[in-house]
Amino acid sequence: MKTNNAVRDFFQKVMLVLLLLALVCPTMASSSPVSASDSCGPEVAALKRSIRKLENQLLIGTWQVEHIQTHKYFQAFQPPMSDPEPETDTALGVNHTSSGILDNSNMTLMNPLPPAGNLIVHDKDCSELFDRLKPPSGFYRIRPKIHQEPFLAYCDMEDGGGWTVFQRRRHGKVDFNRDWVDYRDGFGDFKLWNDEFWLGNEHMYSLLSDGKNLVKIDLMDWDGKRSYAFYNNFRITDEADKYRLQYGLYSGQAGDALTGGGGMVEQWSAGLSGMQFSTRDQDNDRYVQGSCAQENKAGWWFNRCHAANLNGNFYRKGKYKGQQDNGVVWGTWRGLWYSLRHTAMKVRPLVFLDVMGSGAGEM
Ligand SMILES: [Ca+2]
């Protein structure tokens with residue numbers, strides 16, 4: 001149904017752009033690719049961007065339809081529940097509204113948060129809570145597995161709603177260079193709208209174990225520019241297997257840094273799929289001569305070592321120098337020598353995807 005429409009729509013748009021290009025850019029049709037790129041470089045670049053964006057939308061649409069069919073369950077698209085007032089991010093001095101599509105996530109929250117959870121915990125994650133009550137963003141108690149103790153998690157109810165956030169960097173006040181036990185159990189602050197934390201590998205293991213999910217990674221640099229990456233079927237194994245990382249398809253704007261970016265060599269040394277978790281006191285990486293966790297001052301899934309490490313050292317102002325590329329890094333977006341200002345990693349079930357594809361819009 002929607003897939004067919006999306007595919008038809010996609011190819012119609014591509015054909016239209018090609019037709020326009022052929023009209024305004026006749027050298028495209030010539031046999032010399034050099035002359036074509038000389039005179040039509042900007043047009044070709046714009047065309048590639050459009051195609052990539054359409055591909056993203058198509059991919060998200062396909063996942064959505066797949067899961068609706070698998071679960072024989074249809075959740076009609078619901079527009080953002082209310083029209084929130086424009087909010088001001090005082091740290092940046094810019095205004096922006098919450099559309100539910102763009103990545104404005106939790107960076108702009110200035111409203112007081114509701115009390116942290118109730119005595120009785122109904123919801124396995126923030127998506128169930130969103131379905132049930134549509135509360136504002138904040139910290140709530142959730143229980144992914146019925147036999148487990150509930151725990152506190154930040155629920156991002158913007159950006160389409162229903163996101164359980166398992167990592168967040170904001171201001172560098174929380175030290176992310178920690179031991180195995182801290183990363184296993186979680187650390188940071190779980191109270192205020194701007195708090196930084198790692199939810200904890202054990203909590204993430206129970207939250208992500210079904211695997212039928214979509215993880216969104218929100219990034220912001222020191223100029224306030226934002227980008228994002230999606231991964232579906234994001235999972236980690238249990239502690240016995242050192243919380244090994246597994247994930248499915250990438251989509252987004254920031255590049256597939258988890259897979260290493262670049263070519264085969266980069267992926268061989270920096271691809272994180274299948275890697276175990278390492279901390280400064282537990283070296284489970286593939287770097288024989290040393291410890292990636294110690295060099296990068298972070299607990300993370302390291303290979304030899306990485307092209308993405310969102311738990312790295314927090315450098316103010318972004319660009320940094322040093323012996324190691326140990327900043328808060330997403331290499332395919334701002335390079336290895338740029339430390340990001342805001343990051344969030346958040347998850348919700350694939351079936352939750354709305355028709356608009358949250359976060360899939362222009363930044
Ligand atoms: Ca090592």
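Is Gly290 buried or exposed? At 18% relative accessibility, Gly290 counts as buried, a term that means under 20% relative accessible area, with exposed over 50% and partly exposed in between (1.4 Å probe, protein chains only). The views below come from a predicted model, in which local features need pLDDT of at least 70, side-chain atom pairs count only at pLDDT 80 or more, and totals for chains, interfaces and linings use all residues. Residues are numbered from 1 along each chain as its sequence is written, and side-chain values use heavy atoms, with hydrogens and water left out.

**View 1. The calcium ion and its protein donors.** Asp283 (OD), Asp283 (OD), Asp285 (OD), Tyr287 (O) and Gly290 (O) lie 2.3 to 2.7 Å from the calcium ion, donors being N, O and S atoms within 2.8 Å of the metal (3.2 Å for Na, K and Ca); water is not among the atoms, so sites may look incomplete. Asp285, at 13% relative accessibility, counts as buried.

**View 2. The salt bridge of Asp179 and Arg280.** These side chains meet at 2.7 Å, N to O, where a salt bridge is a side-chain nitrogen of Lys or Arg within 4 Å of a carboxyl oxygen of Asp or Glu. Asp179 is partly exposed at 30% relative accessibility, and Arg280 is partly exposed with a relative accessible area of 35%.

**View 3. The salt bridge of Lys346 and Asp218.** The side chains of Lys346 and Asp218 meet at 2.7 Å, N to O, and both residues are buried. Salt bridges that share partners join Asp156, Asp159, Lys216, Asp218 and Lys346 into one network.
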